[in-house]
Amino acid sequence: MTAPTDALSAFALLSKGCLRRELGRAPIRALWKHILLPIAIVAFVSVLDTGAPLRDRWPPLAAAGAIWLLFANSVNQGGMMLWHERWLLRQAVVPPALLLAAATLVPLALFAVHLSLVHLALLASALPRGGAGVETLLGGGIAAAFGLGAGIFAARVTEVRPTFTLMLPKLILASLVLTPVFYPLSALDGLKGAWCVANPLCVATELGRAGMLLHVDPLPRHAVGIACASSSAILCWGLLTLRGHSFVWTDEHV
Amino acid sequence: MSEPALVLNGISKRLPSGPSRRRLSSTVRRFAHVAGLSSDAAPNTGRTIVDNVHLTVRSGEIAVLVGPPGCGKTSLLRIAAGVLRPTAGGVRVAGGSDSLIDPRYGWHSTLTGRENLVLRGVSTGLSVSESRLRAERLADFVEISDWLDRPVQDYPDATLTRLAFGALAFLGARVLVWDDVLEKRDPLFRQKCLALIPTLLREGKAVLMATHDVGKAKEISPRAIWMEEGRVRADGATHSVLERYLEPRVTVAALDPSWAPAAVSRLASIELLDKEGRTATCYFPGDPIRVAIELELTQRVDLPYFLVSIAGAFGPIVAASMFHDGCRPPFIDGRYRIECTFEKIVLAPKQRFTVRFAVYAADGVTVVHPKQVIASFVTGGSAASCGFFHTLAEGRILGGPPMLTDYNWTMPGGIERAWTAKTMACEHSTPTAVEDNRR
């Protein structure tokens, strides 16, 4: 595959395959998993919370949830696509980076849908909408880069130890607990600064909230820069491992 | 002479060594591999499966790899196809390659067969429109037109194999690396594929193929390469290579040289004996096969299970298994000798067989001695010496089933002809007879 048009045709086909895998094959299941279930969870948690009026409870949760879902989908449908489609990569029909690029479209498309839903809901509730879209994009960028990098490593670990696929959903769920989605960043109190450095998703969710809403917790100094750098570093490291090695390891593990 | 299309230069492949006691170092190594800091998850210090192979296949040429199971044919094909990384050496391919080694390789699971063919066509340098055109042609040839617009993940095994062959033969690759998987999966369709080989060669494609069917190898290829224990034993005209390959003989595997760190047992001696109890030099159809094994154990093992099996080119054909008969020694310890005799087994002439051996502990799961090929042999005799006198018999018996058994034909006029092992003229199993047979 040398000509750019060939790569473009292959990219289009791969994108179609990845979208069909997640959305086209079972649209009802996809609707439940990606739209109805998140809405149900946001609604349920908002009702549970008694600290503030209901009208003010759901927007921060929905905004942070959209960012966290982008991360989770980037792991599952982004980086892990290298594992799901390992048979394709074994014959070296397409370079892994091209498959990864096509797979990235799925979490990005879902993020666009989630963002639209949040904005529509804000519009319908006549709630004040937030600031700059660039903050949402930055938050999304951090979550996607972190998720893709983590997904590549998850795919590599799964090749060496296939039972890791059973552990991955639990780890992703743990990341939900460790990220201020269901609670505000201010709840972390003194740990806020260290937490933001350790977990780039903290910054991503706060940026998401800032992009969509008006009232957000101020982020610690340099937190955005550190989160951008660490998530980019994880993604770049993952991409470099793609360049260095083909995804044909299982043959080595006879 | 046409230019080289596939060049394998000093190819070697060693397997990663087995699990070591140094758990920490192996964990660190695996972590480094996952992190992209090391290319291998385990050090390649295990068994050598391909050893310094030099090979050139030119455009318009076919070369067929023959050899017993486990001799390294498929590993060499995988290396040639770029599916497996060699430990040493290099592969040079002119004009792009495609392979049929495992039919599952190279397909996006949710794309349809047609979309996958376009993807593969584009990856071999064809335009999208040309790939679509060829997809139509190949779907007609491999008879899967009804399946072409369904996702590949829905394909049954045989259909996927057909699609994989179609991609190999009809898309743009100049070098075709072909493991004869159709031999087992779709024998009828295989005939059609083999008949296509002259056309592929006329188009200037180079074919490297591995097969167990030596009869077909003789028909389809003027060049054969005999591999044994990862090395090329002979490379040349098919008839002369096969003549050497199918020379009647008995070969015993090398004994375990030293104790492996975690091994409980090692093979101290292996013997294949004839019916008089002497070391066998050749087996003829109908000869009993006696396998004598001496194990050296580091610890006492109570109520072990022994397994000895004989395998032909397509897998095991007979087995003596203590899992079946329940006849077990109360314990084994120190040096322990055991013999197993296969009686009344009529192996086909001029075929290769391997003898495999394994020992398990009383729980039936713990491995005392891992499954291992301990010997191989090529049966002597001929179709005529077995009582088959038809003109095609000598050629057809080469790639035929590995065992013979009594049978008869019942036709409207009564029994026309029967074959029984008793009618075999093969009442010789001495080295002299081997010489006679060669003559």
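**Two chains and their contact**

In chain A, 78% of the contacts with a separation of 6 or more are between residues 24 or more positions apart. Please bear in mind throughout that this is a predicted model.

Let me stay with chain A. It contains eleven helices and zero strands, and along the sequence its pattern therefore reads, by the assignment of helices and strands used here, as α-α-α-α-α-α-α-α-α-α-α. Of the 254 residues in chain A, 43% are buried.

I turn to one pair of helices in this chain. The axis of α7(A) comes within 9 Å of that of α8(A), the helix spanning residues 164-177, and the two cross at roughly 150°.

Next, the contact between the chains. Chain A contributes 33 residues to it and chain B contributes 29. Which helices of chain A supply at least two residues each to the side that touches chain B? They are α1 (4-24), α5 (86-90), α7 (133-160) and α11 (223-244). Among these, α1(A) gives the most, with nine residues. The side of chain A that touches chain B is made up of 16 nonpolar, seven polar and ten charged residues.

Finally, chain B. Here three strands form an open sheet in the order β2-β1-β4, with antiparallel pairing. In general, strands of a sheet pair through backbone hydrogen bonds, either parallel or antiparallel. Strands β2 (48-58) and β4 (88-93) of chain B stand at the edges; each has a single partner strand, so one side of each is left without a neighbour in the sheet. On average, neighbouring strands of this sheet are turned by 15° against each other, direction ignored.

Strand β1 of chain B, residues 4-14, is joined to β2(B) by seven bridges, and the two run antiparallel. As one example of a bridge partner, Val7(B) has Thr56(B) in β2(B). Helix α2 of chain B, residues 73-81, lies across β1, β2 and β4 of that chain and runs at about 125° to β1(B).

Thank you for your attention.

Methods
Residues numbered from 1 in each chain as written. Chains lettered and ligands numbered in written order. Predicted model: local features only at pLDDT ≥ 70, side-chain atom pairs only at ≥ 80, totals over all residues. Pairing = 2+ DSSP bridges. Helix = DSSP H or I, 4+ residues; strand = E, 2+ residues; numbered from the N terminus. Axes fitted to C-alpha atoms, helices over the stretch in contact; angles between N-to-C directions. Contact = placed C-beta atoms within 7 Å. Buried ≥ 20, exposed ≤ 12 C-beta atoms within 10 Å, placed from the backbone. Nonpolar A, V, L, I, M, F, W, Y, C, P; charged D, E, K, R; others polar.
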